[in-house]
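Hi everyone, thanks for making time this morning. I'd like to walk you through one model, so let me put it on the screen.

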Amino acid sequence: MATFGAAATATENPNKSVEVAQPPSDSVSSLSFSPKANFLIATSWDNQVRCWEITRSGASVASVPKASISHDQPVLCSAWKDDGTTVFSGGCDKQVKMWPLASGGQAATVAMHEAPVKEIAWIPAMNLLVSGSWDKTLKYWDLRQPNPVHSQPLTERCYAMTVQYPLMVIGTADRNLTVFNLQNPQTVFKTIQSPLKYQTRCVAAFPDQQGFLVGSIEGRVGVHHLDDSLQSKNFTFKCHREGNDVYSVNSLNFHPVHHTFATAGSDGGFNFWDKDSKQRLKAWSRCPQPIPCSTFNNDGSIYAYSVCYDWSKGAENHNPATAKTYIYLHLPQESEVKGKPRVGARK
Amino acid sequence: MGKKKKRASSKVWCYYCDREFDDEKILVQHQKAKHFKCHVCHKKLSTAGGMAIHVLQVHKENVTKVPNAKPGRESTDIEIYGMQGIPPDVLAAHYGEEEEEAPTKAAKVDVPAPQLVGGVVPGTLGVTYPPQPMAAMPPMYGSAVPVPPAAWPVPPRQPWFPPQPAVSVPPPPVGYAQPLFPVQNVRPPMPSTTSPLLQTSQVTPPGLVPPPPPAAVSQPLFPVVTNNLSQSSPYPAPLPSTTVLPSVPAEVRSGGAITNVATGYQTPNLPGMAPASSHSYASGPNTGGPSIGPPPVIANKAPTTQPAVNEVYLVWDDEAMSMEERRMSLPKYQVHDETSQMSSIDAAIDRRILESRLAGRMAF
């Protein structure tokens, strides 16, 4: 049994994932797949937003760098427009840039904040872009106007965002989770305190909009339902821990088809889970560095994750000379991402 | 680290449902109750085969599947007693998995367990918002710390919303987000109907210390729902410990499990060891954990093997700032002068809080 456990130590790519060509020169802060095709966007601390085309033929997968734009400062987040033509990216330069990838146009600034922009999302149903910033606001942008359509104050800095129209959940630095019904975006639907006791790291709305997942720096994920009658179904579980080290859960992604989800953490591991049967479907070997971000492609056939330093051990554990950044592609088997009924389950 | 190994060998688990137990005796009891019980007369047999024969001979019925077993493990032909008789491949697979991520296993296999557990360890919050720092910089901090009343634990469902009164929000918060919302709202989840009731009853203005009803706090017998409780209890806990110090120890001693409440960092280090650990991953160092310290705790948790209390720690334990914010402060990333990660005065204050907290931590 020890042989399996030890495997993670040495290799750079213990899960034998496909490595994306020409990765960024500094850590990756976000990954987004086009909703229409296998174009992968990575934003990085090296100020760049890069795009690759991922091609598959059978079991072989190739990545071809396509284009890139740059910000003046590190980029923190990215989002695609629903038609797959345009990419948005926001970051430490306090701006959101719109990059009309399909037309080959220049990137233009479409949103401004007073502090770095941590999260963005495109809301097709409203034809608006929403941006969340450390300036403690959410802003909604009609791309044709220089000013936000609406600016929503938050109780604290925005750390995490998820949108499944009409549900939007914002995680802030004070561990509040602010829930919006986007049919009425100017009103907070409700604010709840995170079911987790530590800093909120990531959130992911259920595909059925009945609730959301929240991940914290304390290696724990909360499964939370919005409907009060379902509160008894809420639970939290531990993950991304090794021995006495408790790592942050950095990324939560629902599988677009099977509605199971993936967690990825600072421990360098990623797991697939099924919240309905409360089971872990698959655990992967730990990579030698943290996984700060990950995403599924539009049909869930590719899981992209980045392996690079996420700052979880501070600046003192960062060695720019040796730090390497990777982006890997994993092709999940159906058995890894398809929920299984729980036998003998007490519902 | 060494612990994991130990654990892999010391933990016993049920072949039929993968549930883990600390003791093989308990495991045997579990198997008798869950998997070897006659469905007709509820007699508990010692093995699956025995149960099948009993049912056949006494009740003239055929039993081919072990009840409550996972698919593929339902055979009555394999003779299992406790940990004996488990096919080697299953055994190997189990431990192989375990090795990879021991702590989660529990959650995966049997979620109710961690939940139960959760109730015990409400203390964690005490760690993040250690009482001491709180006292050190009262106004800011006080506002940042949610002050839900100590009484919640009673109805398990409540804790999900009380958080509203939290943080910078002034006293009215309770009814306030919610009443507004129904205006247009179309979505089914409608908290507003029930919650006001619950809330009004339980919310005390933040900042006021509700009289800590020890009875409520000590919910050592957590029902399955407790997951929620665990959530709620931390607040009451730290609070009393700052302001109402005297009362706390009493509480602590009164109910074994609650010790955690007060100290915030007892159980922390046993990821999944003791069923009692689930929430207490405290980053030991920043625990102000005042006078009411660990002793009682350790006494309580004695049966579990771990010796020291602060072994578990958060790799990123800065509650006041995210990794990205800290990273941005590196000169390398600061292209322009004015681009410090802190753009607002508020943020500067946050940082000061952080620093003072760090200072407090050092002291510990």
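What share of the 364 residues in chain B is buried? The answer is 55%. Keep in mind as we go that this is a predicted model.

Let me stay with chain B for a bit. If you take the contacts in chain B with a separation of 6 or more, 65% of them come from residues 24 or more positions apart. As for the surface, chain B exposes about 14700 Å², and 63% of that is supplied by carbon and sulfur atoms.

Now for the inside. The largest nonpolar core has 17 residues, and those touching the most other members are Trp13(B), Cys14(B), Tyr15(B), Tyr16(B), Leu27(B), Met83(B) and Ile86(B). In chain B, strand S1 (12-13) and helix H4 (88-100) each supply at least two residues of this core.

Let's zoom in on one of them. Leaving out residues up to four places away in sequence, Tyr15(B) touches Ile78(B), Ile80(B), Ile86(B), Pro87(B) and Val90(B), along with Gln31(B), Gly72(B) and Arg73(B). Another core lies apart from the largest one; it has 16 residues, including Ile54(A), Ile302(A), Ala304(A) and Ile327(A).

Methods:
Residues are numbered from 1 along each chain as its sequence is written. Chains are lettered from A and ligands numbered from 1 in the order in which they are written. This is a predicted model: local features need pLDDT of at least 70, side-chain atom pairs count only at pLDDT 80 or more; totals for chains, interfaces and linings use all residues. Side-chain values use heavy atoms; hydrogens and water are left out. A nonpolar core is a set of buried Ala, Val, Leu, Ile, Met, Phe, Trp, Tyr and Cys residues joined through side-chain atoms within 4.5 Å. Buried means under 20% relative accessible area, exposed over 50%, partly exposed in between (1.4 Å probe, protein chains only). Helices (H or I, at least four residues) and strands (E, at least two) are DSSP runs, numbered from the N terminus. Contact means heavy atoms within 4.5 Å. Accessible areas come from the Shrake-Rupley method with a 1.4 Å probe; for residues, only the protein chains shown count as cover.
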